[in-house]
Amino acid sequence: MQPGLQLALLVAILLLAGEGVASLFSRVGIPPIRGGLGVGVMLGPGAVTLLHMHLFQGGEASSALLLMAQVGGLVLMFIAGLETDIDRMREASVTAFLVALSGVIWPFLLGAGVGHLLGLSWPSAFFMGGALTATSVSISARTLMDAGKMASTEATVILGAAVIDDVMGLFVLAFLAASSSTAKVHAFGMAPMASTLLQQHLGPAAHHPLIVQMCVISACVALFFWIGYGAAHKFLDPLILQLRKLSANEAVPSCVFALIMMYAISAEWVGSVAGITGAYLLGYVFAGSEYKADVERSFHAIGHGLFIPLFFVAIGLSSDYRALAGHWTLLALVFVVAVLGKLVGCGLAALASGMDWVRSLRIGCGMVSRGEVGLIVTAMGASTGIFGRSEVAVMVAVVLLTTLLTPLALRAAFNLKSDEDFEAGMELDGSLMVAAPEISVGAATGDESAEEVSEETSYRISVDRGKNSLGFPENAAIPE
């Protein structure tokens, strides 16, 4: 079968299976993204081994599918940026930094300590700790979207902390590469090129490679965010205005899609950060655009209809639990450290920033999922011989297990009651609720009758299109 037809068949199977299971899961209260992940695990090398069947021999269709999945991750992060509350993100910037910092330190130290206690050398233990530092925000972003919580304070902190977390994970990777004499990283972009040139032509730089790498990375990260944000903020709306004048069909979404790809490339080449960070930055700027609604509508169809389901199925397809035979104890301990490192580290930082324990728990749960940086560190450890086959299998399994756990834990955390939820709902409505022996509350529409509220302040709320009769969002907590 031709590669094009192989890819068409593969995409058809995965979309139908993934969306079907996701729909079934949503009916019984399970987060839909677990459907795509579950289908990927069942069709992966640990069970059905779909990609190795005779129909898909040759590898072209499998490689193309993985590339489409990576594009799905970029589109997902762009949509997450679109749905970010800019005002709340600015308010939560300090909290996001503290959460990110604590969420890197705790997993690194705990992971390295547990690895060394289990018999690993210190270099191997440090690599294990480094692989546990970074957060994969894609899973949390989709979970927040499904739950209708993208406008919440917790979502802004999680997304902001994950972006900062990505940069910090890069510094950890640079530290591990510089501290390992055998590590050879095939780096891409301005930072490694500039670092190499400085070390070749400056004597002091050659004697302090780690300091040089850190300084160059810092400069490149700052340069990317300064140029990327400034250019988008200044030229985005005028560009969309001109695109809307074109006679070509769907010129705006096509060109915006190209911009997402360009920002992803620029993030890695200029800023030496993950491409999803660039996609999120572009979406974040679009969140304040007057054309946000048009772009959001188009990309919800493009993303959720094709690319994003493939992204989650592909994560499951990468798992092979057969390689874990005989290493279940190591897996269990590393998994516990991976969860507690983020849950406790990020949760305590949020708590210290003034949030209550419920919101702090939500932020900790949202930061548990691991992803690209963890796999990059694992691959680097494997290529240099620091990680053996068992350690690689354990780290890949931890990435997958935290990905599966995060949606469940995050949804459960949002089901807990928080006093700040009700206060936030009142602020959004712009009104103050005053308890009285008898209050007449208007229904959602003028045709419906009012409901009386008793002295015990028992409120009966009628819901209409995502809002209750008081005008609060449907998810706002109402006191009983």
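User: I'm new to this one. Which residues in H11 are buried?

Analyst: In this predicted model, the buried residues of H11 are Val212, Gln213, Val216, Ile217, Cys220, Val221, Phe224, Gly228, Ala232, Leu236, Ile240 and Leu243.

User: Where does the kink in helix H11 lie?

Analyst: Look at phenylalanine 235, shortly before proline 238. H11 covers residues 209-243, and the kink is about 45°.

User: Now two helices together. How do I read helix packing?

Analyst: The general idea is that you describe two packed helices by the angle between their axes and the distance between those axes.

User: Which residues of H3 and H12 meet?

Analyst: From H3 you have Val71, Leu74, Val75 and Phe78, and they meet Val256, Phe257, Ile260, Met261 and Ala264 of H12. Sorted by class, that contact of H3 with H12 holds nine nonpolar residues, with no polar and no charged ones.

User: Let's turn to charges. How many salt bridges does the structure hold?

Analyst: The idea first: side chains of opposite charge can pair when their charged atoms come close. This structure holds five salt bridges. One of them joins glutamate 154 and arginine 359, whose closest N and O atoms are 3.4 Å apart. Glutamate 154 sits in helix H8 (residues 153-179) and arginine 359 in helix H16 (residues 357-366), so this pair ties together parts 205 residues apart in sequence.

User: Are glutamate 154 and arginine 359 buried or exposed?

Analyst: Both glutamate 154 and arginine 359 are buried. Now look at aspartate 165 and lysine 342, whose side chains meet in a salt bridge at 2.9 Å, N to O. This pair links distant parts of the chain too: aspartate 165 is in helix H8 and lysine 342 in helix H15 (residues 328-352), 177 residues apart. Aspartate 165 is buried, at a relative accessible area of 0%, and lysine 342 counts as buried at 0% as well.

User: What about aspartate 294 and arginine 297: how far apart are their closest N and O atoms?

Analyst: They are 2.8 Å apart, in a salt bridge. Both residues lie in helix H14 (residues 292-317), three residues apart, or about one turn of the helix. Aspartate 294 counts as partly exposed because its relative accessibility is 31%, while arginine 297 is exposed, with a relative accessible area of 56%.

User: Which residues do salt bridges with shared partners join into one network?

Analyst: Glu154, Arg359 and Arg362 are joined that way.

Conventions:
Residues are numbered from 1 along each chain as its sequence is written. This is a predicted model: local features need pLDDT of at least 70, side-chain atom pairs count only at pLDDT 80 or more; totals for chains, interfaces and linings use all residues. Side-chain values use heavy atoms; hydrogens and water are left out. The bend at a residue is the angle between axes fitted to the seven residues ending there and the seven starting there. Helices (H or I, at least four residues) and strands (E, at least two) are DSSP runs, numbered from the N terminus. Buried means under 20% relative accessible area, exposed over 50%, partly exposed in between (1.4 Å probe, protein chains only). Contact means heavy atoms within 4.5 Å. Ala, Val, Leu, Ile, Met, Phe, Trp, Tyr, Cys and Pro count as nonpolar, Asp, Glu, Lys and Arg as charged, and the others, Gly among them, as polar. A salt bridge is a side-chain nitrogen of Lys or Arg within 4 Å of a carboxyl oxygen of Asp or Glu.
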